[in-house]
Amino acid sequence: MLIYCPKCHIGYNVDDLLIPQSGRKVRCSSCGEIFYFDKSGDSRLVLEETPQSEEATPDSQENVEQQEAPISPEKPEKEDEDTSVDISDIYERLSAQSEHLFQEEQKLSPKQRITLMLKTMLGLNRKLNFKLIGGVFAVFTCLMLYNHRYEIVDTIPFTNYIYRIFGITAQVPGKGLEFQNINWNYIENEGIRLLEIKGFISNSTSREIDIPTVHIELLDKNTMLLQSFNQKPTVQTLKPDGRIGINIIIKTPSISAKYVHLTFIETD
């Protein structure tokens, strides 16, 4: 443990075992001062020298070792007068700023106050929070536009071209097209049983429509699916109020087919 002389402040490194719990008197080998030292680190000067006092020297029988350099107790550094801060000045400036903000807030209209309150609650007065909320809103908007793309295109037809730019199908295949006068019957050609489907596809709208692939389903008497086929149209587009004939031949149809169902699909 370290012992410091209370007079000359020279430090000594002393074995803990040499200092009893109740403390003991020692003599400084530098200035000759006698002082009392205990385990708590308290050093007190002794007015009268007694035989029990022992000199704290490097050659003492208790192996008290003096440090290579004297250690002086730390002294509080002198405060720099230039760095002192006037608390009253800070308080006055904060009060002036608060009063200015209060006056500016009183000038706002009720609508502006509500907007300011919402911005504060949502954290929009900070740029980082504003960007984060803006990003979330943009993602939410994109999802809404994608999920309701069919309704949007039906209401605003030209938006279909915007969706096409991004490779998104936003129109129900064959929307505005109708099958008319559909008839079907079995025929044989060179001993092969065939199913012939005839009819028309008409465009009942005032705009030109692309004709998608025709999807044919053969159903049994319980309307259970037996077979399905796809056939690409011979004409790619159909003009407004236009109509084209169809003639679909299906090879080796099921003999259990009782119903034929026609619809449009985007691709095969």
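Strand β8 (177-189) and strand β9 (residues 192-203) pair in the antiparallel sense over 11 bridges. Strands here are DSSP runs of E with at least two residues, numbered from the N terminus. Two strands count as paired if DSSP finds at least two bridges between them. Within this pair, E188 stands opposite R193 in β9. The model is predicted: local features need pLDDT of at least 70, side-chain atom pairs count only at pLDDT 80 or more, and totals for chains, interfaces and linings use all residues. Residues are numbered from 1 along each chain as its sequence is written, and side-chain values use heavy atoms, with hydrogens and water left out.

The two strands belong to an open sheet of three, in the order β8-β9-β14, with antiparallel pairing. β8 and β14 (243-251) stand at the edges with a single partner strand each, so one side of each lacks a neighbour in the sheet. Neighbouring strands are turned by 15 degrees against each other on average, direction ignored. Axes are lines fitted to C-alpha atoms, and angles run from 0 to 180 degrees between N-to-C directions.

Another open sheet has three strands in the order β12-β11-β15, again paired antiparallel. Its edges are β12 (225-231) and β15 (259-265); each has a single partner strand, so one side of each is left without a neighbour in the sheet. The twist averages 20 degrees from one strand to the next. Six bridges join β11 (residues 213-219) to β12. L219 has L225 in β12 as its bridge partner.

The largest nonpolar core has 17 residues. Such a core is a set of buried Ala, Val, Leu, Ile, Met, Phe, Trp, Tyr and Cys residues joined through side-chain atoms within 4.5 Å. Buried means under 20% relative accessible area, exposed over 50%, and partly exposed in between (1.4 Å probe, protein chains only). L177, I197, I201, I211, I216 and I248 have the most contacts inside this core. β9, β11, β14 and β15 each give two or more residues to it. The largest share, four residues, comes from β14. I197 touches residues including W184, I216, I248 and L262 (heavy atoms within 4.5 Å). A second, separate core of 11 residues includes C5, L18, C28 and F37.

The disulfide count is zero, a disulfide being a pair of cysteine sulfur atoms within 2.5 Å. The sulfur of C5 lies 3.6 Å from the closest cysteine sulfur, in C8, too far for a bond. C5 is buried, at 0% relative accessible area. For C31, the nearest cysteine sulfur, that of C8, is 3.7 Å away. C31 is partly exposed, at 31%.

Conventions
Lists of a residue's contacts leave out its neighbours within four places in sequence.
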